[in-house]
Amino acid sequence: MKKYVYTLFVLLAVVVASCNNYETYGDKKEKERNAIAEYIRKNDITVISESQFKQQDSTTDVSKNEYVYLEKTGIYMQIVRKGSGYKLPEKQHIRILCRFTEFNIINDTTQLSNEFNARYLDIMSVYRTGNTITGSFESGLMYSAYGTASVPNAFLVPFQYINIGRPLTDTDNVAQVKMIVPHTQGQAYAQQNVYPCFYRLTLVKSAVEEDAEK
């Protein structure tokens with residue numbers, strides 16, 4: 001009888017501990033919000049509104065470490081360079097070359113990066129209709145790491161503001177943005193496990209397509 005009571009007590013203790021350790025979706029979202037707020041504070045980021053962003057010709061002042069807060073998506077974005085050339089054209093499938101670094105804000109660690117390895121250059125096909133942009137990965141690190149061709153929503157947001165033309169002169173440059181991305185706009189693992197990521201993205205149109213147009 002004593003053995004039975006002791007076993008029951010142990011089982012109850014395990015159940016109570018499990019309940020105490022259980023995180024609801026709401027708990028995880030609050031943890032995410034707090035992590036983003038702390039990341040902004042720790043990195044001396046100046047957050048500006050969308051109205052101020054528009055007044056600045058859809059640019060952010062890098063010298064002030066400005067990020068615009070995009071209310072619809074919850075993304076914080078800094079446009080480091082708008083890039084040379086032209087906006088993403090409408091109703092054409094455009095192949096985009098993407099270099100990126102993905103940093104898990106909660107775990108404080110870099111998860112993925114292809115910025116320093118040409119072998120893992122990510123290639124995605126994007127398509128624009130008005131303000132709606134869709135995309136899919138053709139190949140690359142994101143595709144192989146997360147096992148899906150779906151492009152995270154966050155990767156498509158910058159195309160509303162940047163240029164995708166390739167540099168032709170010494171003064172031209174390639175578009176680059178930095179973003180703080182909540183799980184709802186991120187890759188599949190972030191969505192499933194509710195964690196935010198910081199991204200540095202470099203985006204440019206593939207030279208293959210330009211050669212085909214000549």
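How many helices and strands are there in the protein? Seven helices and nine strands. Keep in mind that this is a predicted model.

**Whole chain**

Show everything before selecting anything. The protein has 214 residues, and buried residues make up 41% of them. The accessible area is about 12100 Å², and carbon and sulfur atoms account for 51% of it. Now consider the contacts between residues at least 6 apart in sequence. Of these, 61% join residues at least 24 apart.

**Strand β9**

Select residues 197-205. This is strand β9, and eight of its nine residues are buried, so the rest of the structure largely encloses the strand. Buried here means under 20% relative accessible area.

Which strands pair with β9? Nine bridges join β4 to β9, and the two run antiparallel.

Pick valine 181 here. Cysteine 197 of β9 stands opposite valine 181.

While the strands are on screen, show side chains. In a regular strand the side chains alternate between the two faces of the sheet.

**From β4 to β5**

Keep β4 and select residues 109-113, strand β5. Four bridges join β4 to β5, and these strands also run antiparallel. Glutamate 102 has leucine 112 as its bridge partner in β5.

Now go to the turn. Four residues lie between the strands of this β4 and β5 hairpin.

**Lysine 91**

Step back to the loop between β3 (75-81) and β4, and select lysine 91 there. Is lysine 91 buried or exposed? Its relative accessibility is 57%, so lysine 91 counts as exposed; the cut-off for exposed is over 50%.

What does lysine 91 touch, leaving out residues up to four places away in sequence? Display Tyr127, Arg128 and Thr129, which are its contacts.

How values were computed
Residues numbered from 1 in each chain as written. Predicted model: local features only at pLDDT ≥ 70, side-chain atom pairs only at ≥ 80, totals over all residues. Heavy atoms only, no water. Buried < 20%, exposed > 50% of the residue type's maximum accessible area, 1.4 Å probe, protein only. Pairing = 2+ DSSP bridges. Contact = heavy atoms within 4.5 Å. Areas by Shrake-Rupley, 256 points an atom, 1.4 Å probe, with all protein chains shown as cover.
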